[in-house]
Amino acid sequence: MADRYQQFTKTPVGKFVVPKLGLPNPATLRRYKPGQPALEGPALLGAAPGGRLEKTLKSQLADAGIEVIATPLDQGKHAALVFDATGITGPEQLRELHNFFQPVIRKVGSSGRVVVLGTPPELVEGRERIAQRALEGFVRSVGKELKRGATAQLVYVAEGSEEAAESTLRFLLSAKSAFVDAQVIRVGTHGKTASAPARWDKPLQGKVALVTGASRGIGAAIADVLARDGAHVVALDIPAQGADLSKVANKVGGSSLQLDITAPDAPEKLAEYLTTRHGGVDIVVHNAGITRDKTLGNMTESGWDSVISVNLASQLAVNDKLLADKVLNSNGRIIGVSSIAGIAGNVGQTNYGTSKAGVIGMIDVGAPQLAEYGGTINAVAPGFIETQMTAAVPLFIREGGRRLSSLGQGGLPVDVAETIAWYASPASAAVNGNVVRVCGQALLGA
Ligand SMILES: NC(=O)c1ccc[n+]([C@@H]2O[C@H](COP(=O)([O-])OP(=O)(O)OC[C@H]3O[C@@H](n4cnc5c(N)ncnc54)[C@H](O)[C@@H]3O)[C@@H](O)[C@H]2O)c1
């Protein structure tokens, strides 16, 4: 579904009228194209005294082909501002944020990036814990102040996982994270299992990825992006979607599997298929999802049950089977698709909101389990994404969904897919138990 208002703002009449009337003016976001430079300009790198990341950051940024500068530009804009805040051990040192950012915050380019790196507060004590926790408020506020499609993120890097932060840094700085804004990401203590891919543009070479609900919308985009990154994609959907499913599978050079994931024997069939055809699976993306919206007073039992079954219960059953039979390969990935409705709630979506909050619970419970198994489990929580699902939303609510966010527009299916591809990378082995919103910093549930 096209965002006609955003298209209008780019016409000669729109360019004249929009600023005059003070109307929202959503930026055209820079999105990833193979071969494009990581950033369109230099990254200014700074650190609070005593930080432990600056040296690694310098080499990681240089490896990604990014020009790193230590003093602000006199002229022109910075493509990124990267700040190592791990040296901040008490509230008085939070002033370092002001010292670094205040002089340059107006000099962030279009689709520019602000990335602050800290220490996970739960891994430190006392004043340091308080000060590290405070970074969240800073980054979320910066996200709301930035203009022209620029974003701000906070990455908490556990001690010992400095090297393992590379995949996250690359993702956040690149155009792949176009619609991810004001998120807090944890690179945890499992850094040692992270390995840089032989080719950063094909990190999933040799991997097998299962994508449920892959015949259209976000699922089709996930299949596309994972295949672009080198994976063989097993695209799964219900038999009624068989024709569209084959098209997606053919397009990405993958295979198609017609299966209703809520069928009682679905986990068994899936495990058998993945084992006999591929010897196992490396990446499982639980994208299939449905809505059956009604206010609670009008909701039928079947409307409730079907949503919980597709969006949550069937996924747990599949995970249990794939883990119990070791069908998920070592260093495997399970990726859930939650929703901001699971964080903020939504009128007419008590069933859906419950199921999507349950997906977050699945990540919380699964993270230690997967760490022990040798793998990770994370989720994306999309906000307003331009799909058939959101095209059916009434105009007024649809416009609200688009504009009530820092980026002032809806995201594209590819934005969700890119975030999933970052989780899927072998280099993201220390990224476990995260729920990252792909919502352009929607005001809902913020
Ligand atoms: N579009 C958005 O703005 C948005 C926002 C937040 C979350 N999400 C979530 O993203 C995911 C994809 O959304 P979408 O907009 O592409 O939806 P969609 O309806 O276009 O696609 C969902 C797919 O899942 C498949 N599916 C449904 N039940 C199934 C079952 N029992 N077995 C196998 N496949 C089944 C459908 O056939 C369909 O192809 C969903 O989980 C949705 O809840 C979407």
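1. Ground rules. Residues are numbered from 1 along each chain as its sequence is written. As the model is predicted, local features need pLDDT of at least 70 and side-chain atom pairs count only at pLDDT 80 or more, while totals for chains, interfaces and linings use all residues.

2. Secondary structure and overall form. The protein chain contains 15 helices and 13 strands; these are DSSP runs numbered from the N terminus, with helices being H or I of at least four residues and strands E of at least two. Its radius of gyration is 22 Å, close to the 22 Å that the globule rule gives for 446 residues, so the chain is as compact as a globular protein of that length. The radius is taken over C-alpha atoms, and the rule is 2.2 Å times the number of residues to the power 0.38. The C-alpha trace spans about 60 × 55 × 45 Å along its principal axes.

3. Burial. Of the 446 residues, 50% count as buried. A residue is buried if 20 or more other C-beta atoms, placed from the backbone, lie within 10 Å of its own.

4. Domains. The assignment, which is automatic or from a database, gives domain 1 (31-189) and domain 2 (208-438). Their centres, taken over C-alpha atoms, are separated by 29 Å. The contact between them takes 23 residues from domain 1 and 20 residues from domain 2; two residues are in contact if their C-beta atoms, placed from the backbone, lie within 7 Å. On the domain 1 side, α5 (126-145), α6 (166-173) and β6 (183-187) each supply at least two residues.

5. A227 is placed in helix α7. A227 counts as buried because it has 21 C-beta neighbours inside 10 Å. Leaving aside neighbours within four places in sequence, A227 is in contact with V233, V252, G253 and G254. R333 lies 106 residues from A227 along the chain, and their C-alpha atoms are separated by 16 Å.

Note on methods
Buried ≥ 20, exposed ≤ 12 C-beta atoms within 10 Å, placed from the backbone.
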